[in-house]
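Here is a short report on one protein model.

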Amino acid sequence: MVSVLQNVAIDCADAYELARFWSRVTGRPLHPEAEPGDQETQVLLAEGPALYFNQVLEAKKIKNRIHLCLRPETSREQEVERLLGLGATFVTDHRNPDGSGWAVLADPEGNEFCVLRSDSDRAAMSS
């Protein structure tokens, strides 16, 4: 017997608004019943578990122990710029001169996530 991963839960101050941000990041829809002011909602991903947003009273205080890593369809650099335009903030740069590495961003509530190299970025390095 095994357990199946149902969702990735993200505590936040405004579940609906943070879910809207992640819906734009992933290009995936909010749960069809989601409405402004909801204390919990989901982003329905194409594959795998849903992103579940749960409104809580306490604010985020420390670095995430678990975070999301994104592999963009465009280049890593283009995706970092797009996400910054959506409201993310730049946290740490782990990109290397040879093109390897990743960028750490934070969503509008300060939850860190990584932007990895795209498949095309990785293919360009190996050729």
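## Strands and sheet

Strands S1 and S3 (residues 50-55) run parallel and are joined by 6 bridges. Two strands count as paired if DSSP finds at least two bridges between them. Strands themselves are DSSP runs (E, at least two residues), and helices are runs of H or I with at least four residues; both are numbered from the N terminus. Cys12 has Gln55 in S3 as its bridge partner.

The model is predicted: local features need pLDDT of at least 70, side-chain atom pairs count only at pLDDT 80 or more, and totals for chains, interfaces and linings use all residues. Residues are numbered from 1 along each chain as its sequence is written, and side-chain values use heavy atoms, with hydrogens and water left out.

The open sheet has 3 strands, in the order S1-S3-S2, with mixed pairing. Its edge strands are S1 (7-12) and S2 (40-43), each pairing on one side only. On average, neighbouring strands are turned by 25° against each other, direction ignored. Axes are lines fitted to C-alpha atoms, for helices over the stretch in contact; angles run from 0 to 180 degrees between N-to-C directions.

## Helix across the sheet

Helix H1 (residues 15-26) lies across S1, S2 and S3. The helix runs at about 0° to S2. Contact here means heavy atoms within 4.5 Å.

## Aromatic cluster

There are 2 aromatic pairs in the structure. Rings of Phe, Tyr and Trp (its six-membered ring) pair if their centres lie within 6.5 Å; planes under 30 degrees apart are stacked, over 60 edge-to-face, the rest tilted. Phe21 and Trp22 pair edge-to-face, at 5.5 Å centre to centre and 90° between the planes. Trp22 and Phe113 have ring centres 4.9 Å apart and planes at 70°, so this pair is also edge-to-face.

Trp22 sits in helix H1 and Phe113 in strand S7 (residues 112-115), so their pair ties together parts that are 91 residues apart in sequence. Phe21, Trp22 and Phe113 form one cluster. Phe21 and Trp22 are both buried, and Phe113 is buried too. Buried means under 20% relative accessible area, exposed over 50%, partly exposed in between (1.4 Å probe, protein chains only).

## Cysteines

The structure holds 0 disulfides. A disulfide is a pair of cysteine sulfur atoms within 2.5 Å. For Cys12, the nearest cysteine sulfur is that of Cys69, 20 Å away. Cys12 is buried, at 3% relative accessibility.

Cys69 is partly exposed, with a relative accessible area of 45%.
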